[in-house]
Amino acid sequence: MRKRIENGTELTSRRKFVKRLGGTALAGLAIGGIRTAGGRTEKLEATASPPKDPRAYGQRSRFVTSGRLGRSSTAFPSLSPLQDSEGIITPAALHFTVGVPGSGPWEIDPQKQRLMIHGMVGRPLIFTMDELKRLPSVSRIHFLECAGNSYLRLPFRQNPVTVQHTHGMTGCSEWTGVLLSVLLREAGVQKAASWVVAEGSDPDKHWRSIPVEKAMDDVLVAYAQNGEPVRPEQGYPLRLVVPGWEGNINVKWLRRIKAVDQPYMTRQETTKYADVRPDGKGRWFNFEMAAKSVITFPSGGQQLPGRGFYEIRGLAWSGRGTVRKVEVSTDGGRTWTDAELQSPVLRIAHTRFRFAWKWDGQEALLQSRCTDDLGDTQPTMDEFAKLWGVSKDYWLSTSNFIHHCNAIQPWKVTADGRVRNAIFS
Amino acid sequence: MRSSLNLFLLAVLASGGAVLAQTSSTYNLGRTPTQEEIRTWDIAISPDGKELPPGRGSAKEGAAIYAQKCASCHGPTGAEQGQTDFPLVGGKGTLTTLHPVRTLGSFWPFATTIWDYIRRAMPQGKEGSLTVDEVYAVTAYLLYRNGIIQESDSLNATSLPKIQMPNRNGFVPAKPAWKPREKRPFGFYP
């Protein structure tokens, strides 16, 4: 069944559709496309071709036009259209994506991809994709969210009109792969190892430090998303899923896990994803995404046709656990009523909530508030500002960019049925 | 900062994560990488700099390399906004203002991080193309431009990790220390 090639590249008989490569080409690719001592990677040519019949991989109706939105006209479309979402699973094609290098997806030939586990381990190991897929697998439904999602004043969305602008950097998928704990145990991770560093094979060789306690808990080395291989912009063929932790730590195009004895103070964790408090202190290693919710219908930019029945719908999630309740207010926060939670309500997953509402044609302020099973409750904008020790106006005057904002998002319905973002009014 | 980081680490270790070294392979999959493969792949530099490769570079040498390979994106002196979120140089005294400017000099806590990031991710489009000496030189130039070392200084694997960055003690970990699946009082964020 298995043909072992001395340079470490393996081909199996079930991969016959993949064009066989000549020995010369393979020799240069013996270490997974990593060519130089500086860790430089080269873009690799795909060896498979798409199916000729377009019906072989289905398409949506031509009447459906919902799509991701870029930060600029030339940027990779990254924001997910939450206003059109239903249920809790985000289609892979609409899942948000940040950090796609260059002008498009970074594709790696799965035949050439390798994952190395090394550092403070008894047995350093290199796995092919086929070997990883032979290991015990798990499928888990988890959300991913960019740490900067729902920040109040992102420079690239000065006029955040819709929920796609405000909250579009989150998505929820069923991820399939190997638990990182399985790989670390297989490599014989040493007791003194307190952190791991995870590294991708993208041009930046993006890397982050993860406490070993989390690495051994629920971190997934994923090769599939919603029943098919992970999309190129999601890290094809292999990525890390670190449930509930800021998107940036979910390393895509994963090539290496090193067990170490300290956080390695990477550029992203010590500078970009550290925040500056108003007193000038940097806050770092703030991993978990907080309890959050947002109403996706009716939401900013939409128009209600007239008074009458509407089902308010939205999404809620927490990076630390399970959504316990979502309350909805339609009267500017004077009264709050529990919304209905659609089952299944899963740990560290989007949760759909619904709330029956009869609009009387008067101006209304719609808000949702999430509480998770640890008792964390989403703060109002005023409460959020108070936690930062500033007034709400701070966010209108500062250029300080902060992550992990989970303030309640209010949508104002005006008497003519228009819905607009009311975060600052 | 060191003590608060250690506390953070202790909290992580004390949080019930029993990590046991497994003595034998269960699945017998994968293969053992060669020492050469590990050496080639492993570009991670820790804050104590023990992985730094031998080599050297001076601020003066770095100025020429910067002008040739970095200035087109980062500006002629590094103090310009350039095509990045923040300039590389300057920003001193801005962190407590409404417009904090996070540069290498005003914000970055470790010189090793600068070296690592230049080596792995710069220059954009030709990542990994700089030699080890060039990375030392550009790092030295940017530290000199930020007033951290002298123009006549050069850096190597021994001297680089010893550099005390101005904002080295300017960080606080998330409070309270991270403990998995433990109830957190309202106000943990931010």
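Beyond its neighbours within four places in sequence, B:T94 is in contact (heavy atoms within 4.5 Å) with B:H99, B:P100 and B:V101. B:T94 belongs to the loop between α4 (71-74) and α5 (111-121) of chain B, helices being DSSP runs of H or I with at least four residues and strands runs of E with at least two, numbered from the N terminus.

Chain A contains eight helices and 23 strands. Five of its strands form an open sheet with antiparallel pairing, in the order β18-β17-β21-β22-β23, where pairing requires at least two DSSP bridges between two strands. Strands β18 (337-338) and β23 (419-421) of chain A each have a single partner and stand at the edges, so one side of each is without a neighbour in the sheet. Strand β17 (residues 323-329) of chain A runs antiparallel to β18(A) and is joined to it by two bridges; A:E327 has A:D338 in β18(A) as its bridge partner.

Residues are numbered from 1 along each chain as its sequence is written, and chains are lettered from A and ligands numbered from 1 in the order in which they are written. As the model is predicted, local features need pLDDT of at least 70 and side-chain atom pairs count only at pLDDT 80 or more, whereas totals for chains, interfaces and linings use all residues, and side-chain values use heavy atoms, with hydrogens and water left out.
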